[in-house]
Amino acid sequence: MFGLGLFKSSHNNSAWVTLLGLVLAGLVPFFVGASNQNALGQYVIYLVWITLAESWNLLGGYAGLINLGIGAFFSMGCVVSSVLLNLGVSIIPAMLVAGLVGAILALALTPTFRLRSDYFAIGTLVIPFLLKPLVEYFAKKSNFDVPIGIVLNPTLFYYTGLGMCGITIFGILLLMRSRIGMALRGIGDDEYASSALGVNVLMFKTITLVVSGFIASVAGAYYLGIIGAVNTTIFDNLSFSLFPAFMVIIGGIGTFEGPILGAILFSAVSYGAVVYFQGTSFEVLVFSIMIMFVAVVLPKGIIPTLRKYISRRKRKDSSDKN
Amino acid sequence: MPVGLTDIVQNLVNGLLQGGFLALASVGLSLIYGVQKILNIAHGAFIVIAAFVTIDFSILLTPVLHLDPLISIVLDFGVLIVFGVLTYFGLIYKTENKGFEGPLLATFGLSIFIEYVITNGLIFPITISPTQSYRLVLIPVIDPSYGNGAIAQNQAYSSNVLNLGGITFPEPQLIAFLLAFLTIPLLHLFLTRTYYGNGIRATAQDWEAAEFSGIDIRKTRILSFALGSGLAGIAGGIYAFTNSVFATEADVSLLPLILAIIILGGVGSVIGTLIAGLVVGLLISGSNFLALEVLTQYSFPSDIGVLLTFLIFLIVLMVRPSGFFGKVVK
């Protein structure tokens, strides 16, 4: 409908809505007022999860590789970022270098592509646990923090996060519109058929893993700025590996809106509901029931189910006219 | 630190005993994954449920009925079978045919749910008027420490230690080890010598062929899920004796190690899982011992045992994913 040639296909409306959302989010600091900029800090965590979910969707949704070890890249990003910040590097270059380290890590992990899909999922699950002792051994310490002297300007930090999120979303969108994206979708649909058609499956899988790892590590580097200090036990925290997967599954694997919707929903229930149900941990109950409900009732995720519903309505309307 | 022969043997013994427990914890998931290719993320949560049932048994029933808390392990088996069947019909039945992600997500939600209910119970506050409010208690709080910490289970057993020639065998771990060697071969006999057991193995190998042979696939799936859950119950029951149990362990922390054991042993074989569990137990304690006590000059990180296990796991996964004892799958 709004096809200005920039967003060319069926994702039009969603892409424009997302762009609008990002612009609005960018305007928020002006409304909050100069003295309340710290309030922005609550929302930056959403940006981290959206970015992580997008990264997971690239590998798991489009290319069909269920990666349950994305926490390894994320945690690695935290660690690298801390090291760099302590060396005096500022936050944006630190994030980019962390991303590069993530990309290198992804290259090191390409042998896992030999594994069949469910074994790939299990194999990637243990990768954070492999990295943890290595990091501890080479860094000779297990606490990584933002150095005390560095104060991150909240507004700037917020915009950095928005930039990270926006570039990820639209970068992936453009990637999927390109020939690389076409190859990825083919591989996700049917690896053998694509290979028979001449698609270099290994190369495209590698590209996907590298990009996904880069993004996840950048998100990790940003996350360090949010919480200030991490311990290597973050590698043991399966939440960072599993939550992005579940966000995307809930939202709709392989869709444009799926990761964004899933991440926002997940984060809203986790962080927002805490405020509503203060004093108890009732929101955990709501959270778990929501997950089970979506898994059973909407197995394909929210977006695909919505789309099916809308197209069925449209078909019903047009057949009623006859 | 000078190391003596006693230390080495003690370490091996500890590793074997721990391995026995790990094997017991893993064999249930091996069964479920083998038959239905479902990763029950809530498996760890099932173990914790059973642990707390045992803890409550020994707190509430033992003083009254003077029953040995070990008997509660049988109760755990039964409770978890019921729970497994409920879970199957509630979550798995609808989702298992729709791909890998459905049951994964559902069991993940279940594990969080179980963790919450154990600590807080399923209690809803109902406000009728500003002055009157009731609490609707559907499930009471199971965790007697209300999530504030662990209860060291049953002091009578935890301090019993068998001493043979200078090597100490802590009694709870010994019981876990013996239980593993009792249940797993029994399970193996069930799977190979009975009709339903063979049905399970056939479904695990090729469910369509099994269906053509006249095996009721649905019943087999229910049976394997229930049995796998029951086995988790046994592991949980003894877990309450060997460890202080935290409700927050109902989340997924035990899972990667269990997965490694399942794959290493071979998904089709429970004896393989037993051996893999023992090997992993030995590997972890042996390499921790080597790294921290013998080769201290290299300052190895503290969980090198786990690192080695997962490294070997990944290598085996890539080279021979059917594990040591599993059937080779194309």
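Predicted model: local features only at pLDDT ≥ 70, side-chain atom pairs only at ≥ 80, totals over all residues.
Once its neighbours within four places in sequence are left aside, B:L24 is in contact with B:A176, B:L179, B:A180, B:T183, B:I234 and B:A235.

## Chain B and the position of B:T242

Chain B has 330 residues, of which 52% are buried, and its secondary structure comes to 12 helices and four strands. Among the contacts in chain B with a separation of 6 or more, 74% are between residues 24 or more positions apart.

B:T242 belongs to helix α9 of chain B, which covers residues 217-242. Is B:T242 buried or exposed? Because 22 other C-beta atoms lie within 10 Å, B:T242 counts as buried, the cut-off for burial being 20 or more. Not counting residues up to four places away in sequence, B:T242 touches B:F21, B:P172, B:Q173 and B:A176; B:A176 is also one of the contacts listed for B:L24. B:T242 and B:Q18 are 224 residues apart in sequence, whereas their C-alpha atoms are 9.5 Å apart in space.

## The side of chain B that touches chain A

Between the two chains, 34 residues of chain B are in contact with 31 residues of chain A. On the chain B side, the elements that give two or more residues are α3 (72-95), α4 (101-120), α10 (255-265) and α12 (304-319), and α4(B) gives the most, with 11 residues. By class, this side of chain B has 25 nonpolar, four polar and five charged residues.

## A helix pair in chain A

Within chain A, the axes of helix α2 (residues 41-62) and helix α10 (residues 201-227) come within 9 Å and cross at roughly 165°. Angles over 145 degrees count as roughly antiparallel, and α2(A) is therefore roughly antiparallel to α10(A). The crossing in which α2(A) passes α10(A) is left-handed.

From α2(A), the residues that make the contact include A:V44, A:I45, A:V48, A:L52 and A:E54, while those from α10(A) include A:L209, A:V211, A:I215, A:Y222 and A:Y223. Sorted by class, the contact of α2(A) with α10(A) has 14 nonpolar, four polar and one charged residues.

Technical notes. Residues numbered from 1 in each chain as written. Chains lettered and ligands numbered in written order. Contact = placed C-beta atoms within 7 Å. Nonpolar A, V, L, I, M, F, W, Y, C, P; charged D, E, K, R; others polar. Buried ≥ 20, exposed ≤ 12 C-beta atoms within 10 Å, placed from the backbone. Axes fitted to C-alpha atoms, helices over the stretch in contact; angles between N-to-C directions. Parallel < 35°, antiparallel > 145°, perpendicular 65-115°, else oblique. Left-handed = near helix turned anticlockwise from the far one by under 90°.
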